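The following paragraphs lead the reader through one protein structure, from single residues to the whole chain. Please keep the sequence and the structure in view while reading.

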Amino acid sequence: KGRGWRLLVAIADVSHYVRDGDPLDQDARERGTSVYFPRRVIPMLPEALSNELCSLKPAVDRLCMVCDMTVSAAGVIGDYRFYPAVMHSRARLTYNQVWSWLTDPAAAPAEAKPLLPHLDQLHAVFRALLAAREKRGAIDFDTVETQLEFDIRGKIVRVVPAPRNDAHRLIEECMLAANVCTAQYLAANEHPVLYRVHDTPPPDKLAALRDFLGGCGLALSGGDAPTAGDYAALLLRIKTRPDYPLLQTVLLRSLSQAQYRPDNVGHFGLAYEAHAHFTSP
């Protein structure tokens, strides 16, 4: 839309099928969450819902809840609204598929060609949101996730890195955008909610961090009340040092633990005034 975008983030509308207090709800409360193991999942809801009616499939209609946002060229979220809708997915894609097509469009198969303009726009939205993230000073730790590899008997063979690319990150940024709208909407309507909060670093951890950094010839700006931007600036400054992984870990451990709380104290790491979940945690 002009120099910006209209971004729609949609999730399956489980509440259409599971009502408060009904047998499905009572049964789900016995588990509390779905449980994810390396090779299997124990779903909170019956598989007829979790793997079928509330699971996206290409070329099939699915009931969903939508966060419909406008995003400026600078990555700033403007108007937004929430509403129930019907989603008709066009394709089932993997992160690695999408990233390979974005990096080398000429090598994309013929069936992917109609999707490329949409994926290009989505990537452009991501870059705008990422620029806004950097401008507000959010911390972006460069951590490496791992995955387990098994033999045919189900025994762990090795633990290997699971590299992330922009396809992973663009989904995360779109979800974060929906989360911010959710928090703003619920706060504006004074609706009780468990916010995802991340408090400022505790004084004792901050003091220990400054002692450690001093021994490495480094300093964290911000005095007794550093901001996420102070952390982000230091991470950028030390990125080329050989001891960067160690320093990043020490910085990470100096932070408070994120929590779910009814009182909103903001999200320090993401530099958000309010953060809640559009999807169920």
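Does Glu190 count as buried or exposed? At 71% relative accessibility, Glu190 counts as exposed; the term buried is used for under 20% relative accessible area, exposed for over 50%, and partly exposed for what lies in between, with a 1.4 Å probe and protein chains only. This is a predicted model, in which local features need pLDDT of at least 70 and side-chain atom pairs count only at pLDDT 80 or more, while totals for chains, interfaces and linings use all residues. Residues are numbered from 1 along each chain as its sequence is written, and side-chain values use heavy atoms, with hydrogens and water left out.

Glu190 is found in the loop between H5 and strand S8 (195-197). Its phi is positive, about 50°, although the residue is not a glycine. Ala271, also not a glycine, has a positive phi of about 55°. Ala271 belongs to the segment after strand S9 (259-261) and is partly exposed, with a relative accessibility of 28%.

The protein as a whole has eight helices and nine strands. Helices (H or I, at least four residues) and strands (E, at least two) are DSSP runs, numbered from the N terminus. Along its principal axes, the C-alpha trace spans about 60 × 55 × 50 Å. Of the 281 residues, 35% count as buried.

Helix H5 (residues 166-188) holds Asn179, which is buried at 6% relative accessibility. Beyond residues up to four places away in sequence, Asn179 touches His275, Ala276, His277, Phe278 and Thr279.

H5 also takes part in the second largest pocket, giving six residues, the largest share of its lining. A pocket is found on a 1 Å grid over the protein atoms alone, as an open set of points with protein on both sides within 12 Å along at least five of seven lines; lining residues have an atom within 4 Å of a point. The second largest pocket holds about 1400 Å³ of space, a volume being the space filled by probe spheres set on the points, with grid points joined across faces, edges and corners. Its lining consists of 40 residues, and Arg133, Ile139, Asp140, Phe141 and Arg164 lie nearest the centre. Among the elements that give two or more residues to this lining are helix H4 (116-136) and helix H7 (228-238). The lining divides into 19 nonpolar, ten polar and eleven charged residues. Here Ala, Val, Leu, Ile, Met, Phe, Trp, Tyr, Cys and Pro count as nonpolar, Asp, Glu, Lys and Arg as charged, and the others, Gly among them, as polar.

Ala219 is placed in the loop between helix H6 (203-215) and H7. Apart from its neighbours within four places in sequence, Ala219 is in contact with Leu213, Leu234 and Arg237.

The cysteines remain to be described. How many disulfides does a search of the whole structure find? The search finds zero, a disulfide being a pair of cysteine sulfur atoms within 2.5 Å. For Cys54, the nearest cysteine sulfur, that of Cys64, is 11 Å away. For Cys67, the nearest cysteine sulfur is that of Cys181, 4.1 Å away. Both Cys54, with a relative accessible area of 15%, and Cys67, at 0% relative accessibility, are buried.

Notes:
Contact means heavy atoms within 4.5 Å. On a 1 Å grid over the protein atoms alone, a cavity is a set of points where a 1.4 Å probe fits but cannot get out, and a pocket is an open set with protein on both sides within 12 Å along at least five of seven lines; lining residues have an atom within 4 Å of a point.
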